[in-house]
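Subject: Handover of a structure and of the findings made in it

Dear colleague,

Please find below the structure that I am handing over to you.

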Amino acid sequence: MDEAIQSEQQQHLTLVIRKACFGLPTACPSCLPVYIYLKFANVPFDLSYNLTFPDSDQIPYVDTDTYVAYNNEKGGVIESLKEDNIVNLDAGVQNLPEWVSTMAMINSWLSDAILYELWVGSDGSSAHKIYYSDLPWPVGKLLYLKQVHNVKQLLGISKETAERREEEIYRRATMAYQALSTKLGEESFFSDNRPTSLDAFFLGHALITLYALPETSVLRGKLLEQANLVKYADKLKAEFLDAGSSSPDPSSSSVPRRGPSNWGSKPKGQPKRERTQEEKSFRRKAKYFLVTQMVAVLVFLSLLGGSDDTEVDADGDDGFDYDG
């Protein structure tokens, strides 16, 4: 797929994502589609896991010596790579009405469904493992509660609307799976018999639903009803993610040149296997981040305390063990 690479003099890319877990290179719904997109394009890239900033909306991001594409800019990393003529798999299809409507369905109905499952419709154990398991228990716990509140606000969930919104979210997810199953049929990809960003977004969603959500997941059960979508996900996982894959040690928090710019401390790049003075400095700054983040979340929870439109269990009985 050399035609997908628009720039003849490609700079080597570094993709910064959240850590590997559940047998996936990452189980973060924002990160996995970008990883898959670059794999589809057969673009060489280094992989770096950021374990320090779990709620940064700039992760994932792609970094080179002279270029960076953040998740929260230009509609996301994939759109930035396309717009800046770095990697474009969507040439010839991205303006087709059916392709556009299918992409919109994945990035709205199915995006809402996976958010609901991770933060509201489950015990939270999957979200904890994806985002917070490398942080000290109090920080991870408080950040989890904060994110539950944010997701409920985003999805319009309150005590009064909870039952109706849950029914609507699952109804739309079911309709989306049925439509995608019909569109895919027995083909290998959704459009033009080749991978596009539509495949990257749906495959990322499907793999997280199948592998990262618990067996009791309602969403997982609905996806399993569509046998061709499950076959599609498993086949592409084996072909693009499992075959010859090599991932960095997930315990390593190597951070490339640019870190999330909306944080007070910006770690600089370090050699991967030798602890330098910069790495020591980064670790110190990370400790300061944890303390300040804990204080910020405590202030947030104190302000939230009087709210009666969000059901957040602050007593610790949320169904998962942070010490696991």
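In what follows, a residue is called buried if its relative accessible area is under 20%, exposed if over 50%, and partly exposed in between, using a 1.4 Å probe and protein chains only. Helices (H or I, at least four residues) and strands (E, at least two) are DSSP runs, numbered from the N terminus. The model is predicted: local features need pLDDT of at least 70 and side-chain atom pairs count only at pLDDT 80 or more, while totals for chains, interfaces and linings use all residues. Residues are numbered from 1 along each chain as its sequence is written, and side-chain values use heavy atoms, with hydrogens and water left out.

The sheet

Strand β1 is largely enclosed by the rest of the structure, because 5 of its 5 residues are buried. Both of its faces are covered: L13, L15 and I17 are buried on one side, and T14 and V16 on the other. In a regular strand the side chains alternate between the two faces of the sheet.

Strand β1 belongs to an open sheet of 4 strands, in the order β2-β1-β3-β4, with mixed pairing. The edge strands, which pair on one side only, are β2 (45–49) and β4 (68–70). From one strand to the next, the twist averages 20°. Two strands are said to pair if DSSP finds at least two bridges between them. Strands of a sheet pair through backbone hydrogen bonds, either parallel or antiparallel.

Which strand runs parallel to β1? It is β2, joined to β1 by 5 bridges; within β2, D46 is the bridge partner of T14. Strands β1 (residues 13–17) and β3 (residues 61–63) run antiparallel and are joined by 3 bridges. Here V16 stands opposite Y61.

Helix α1 (residues 32–40) packs on the sheet and touches β1, β2 and β3; its direction makes about 155° with that of β1. Contact means heavy atoms within 4.5 Å. Axes are lines fitted to C-alpha atoms, for helices over the stretch in contact, and angles run from 0 to 180 degrees between N-to-C directions.

Aromatic rings

Rings of Phe, Tyr and Trp (its six-membered ring) pair if their centres lie within 6.5 Å; planes under 30 degrees apart count as stacked, over 60 as edge-to-face and the rest as tilted. A search of the whole structure finds 12 aromatic pairs. One of them is the edge-to-face pair of F40 and F240, with 4.8 Å from centre to centre and 85° between the planes. This pair links distant parts of the chain, since F40 lies in helix α1 and F240 in helix α9 (residues 227–242), 200 residues apart. F40 is buried at 1% relative accessibility, and F240 is buried at 13%. Elsewhere, W119, Y131, Y132 and Y144 form one aromatic cluster.

Two lysines also meet rings. A charge sits over a ring if NZ of Lys or CZ of Arg is within 6 Å of the ring centre and within 35 degrees of the ring normal. The charged end of K129 sits over the ring of F22, 4.8 Å from its centre, and that of K237 sits over the ring of Y211, 5.0 Å from its centre.

Residues in the loops

N88 lies in the loop between α2 (77–83) and α3 (97–119), and D90 is found in the loop between α2 and α3 as well. Are these residues buried or exposed? N88 is buried, with a relative accessible area of 12%, and D90 is buried, with 0%. A polar atom of the N88 side chain lies 2.9 Å from the backbone nitrogen of D90. The side chain of D90 makes a polar contact with the side chain of S197 (2.5 Å). A polar contact is a pair of N or O atoms within 3.5 Å; within protein, one must be able to donate a hydrogen and the other to accept it, and residues adjacent in sequence count only if both atoms are side-chain atoms.

Some backbone angles also deserve mention. Most residues other than glycine have a negative phi, and most peptide bonds are trans. The peptide bond from I59 to P60 is cis, with omega near 10°. K74 has a positive phi of about 55° although it is not a glycine, and K74 is partly exposed, at 46%.

With kind regards
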